[in-house]
Amino acid sequence: QVHLVESGGGLVQPGGSLRLSCTASGSIKSITVWGWYRQAPGKTREFVATIMTETTNYADSVKGRFTISRDDAKNTVYLEMNSLKFEDSAVYYCAAHEGDTWYGSFDHWGQGTQVTVSS
């Protein structure tokens, strides 16, 4: 069993920054792909960013403002969020995939952390 726990969410003003963290624990083999997703009230969960060993991918809506990174020694993934906008408000979820081949889905999900952008 692998558990993912997110932290770092909170209330921030437009233009501000937050750094989310997600740490995996339990029977971890090797996390090859990490992802961040978000879900706003009344909307479906949407892709934010993924990171493989060295390759990153971002949703167009966050490109240039968000940065995903990973620390494999700590089994942790980060999401640095800058220039936050009202529309970035959502519950942010991290996800992890173990194994060499990734078909686009994740094996493990965190419980989510709330990010609210408000003046």
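Predicted model: local features only at pLDDT ≥ 70, side-chain atom pairs only at ≥ 80, totals over all residues.
**Exercise 1.** State how many salt bridges the structure holds, and classify the residues of the pairs Lys63 with Asp60 and Arg70 with Asp72 by accessibility.

*Solution.* 
Step 1. There are 6 salt bridges in the structure.
Step 2. In the pair of Lys63 and Asp60, the closest N and O atoms are 3.1 Å apart. Lys63 is partly exposed at 49%, and Asp60 is exposed at 66%.
Step 3. The side chains of Arg70 and Asp72 meet at 2.8 Å, N to O. Arg70 has a relative accessible area of 17% and is therefore buried, whereas Asp72, at 48%, is partly exposed.
Step 4. Shared partners join Arg38, Glu46, Arg65 and Asp88 into one salt-bridge network.

**Exercise 2.** Describe the largest nonpolar core and the surroundings of Leu79.

*Solution.* 
Step 1. The largest nonpolar core has 29 residues. Trp34, Trp36, Leu79, Met81 and Tyr92 have the most contacts inside this core.
Step 2. The elements giving two or more residues to the core are strands E1 (2-7), E3, E4 (31-39), E5 (46-51), E7 (66-71), E8 (76-81), E9 (90-98) and E11 (113-117).
Step 3. With neighbours within four places in sequence left aside, the contacts of Leu79 include Leu18, Leu20, Trp36, Val48, Phe66, Ile68 and Tyr92. Arg19, Ala49 and Thr67 are also in contact with Leu79.

**Exercise 3.** Locate Gly15, classify its accessibility, and identify what Gly15 touches beyond four places in sequence.

*Solution.* 
Step 1. Gly15 belongs to the loop between strand E2 (10-12) and strand E3 (18-26).
Step 2. Its relative accessibility is 53%. Exposed means over 50%, so Gly15 counts as exposed.
Step 3. Not counting residues up to four places away, Gly15 touches Ser83 and Leu84.
Step 4. Gly15 and Ser83 are 68 residues apart in sequence, yet their C-alpha atoms are 4.1 Å apart in space.

Note on methods
Residues numbered from 1 in each chain as written. Heavy atoms only, no water. Helix = DSSP H or I, 4+ residues; strand = E, 2+ residues; numbered from the N terminus. Buried < 20%, exposed > 50% of the residue type's maximum accessible area, 1.4 Å probe, protein only. Contact = heavy atoms within 4.5 Å. Core = buried A, V, L, I, M, F, W, Y, C linked by side-chain atoms within 4.5 Å. Salt bridge = Lys/Arg side-chain N within 4 Å of Asp/Glu carboxyl O.
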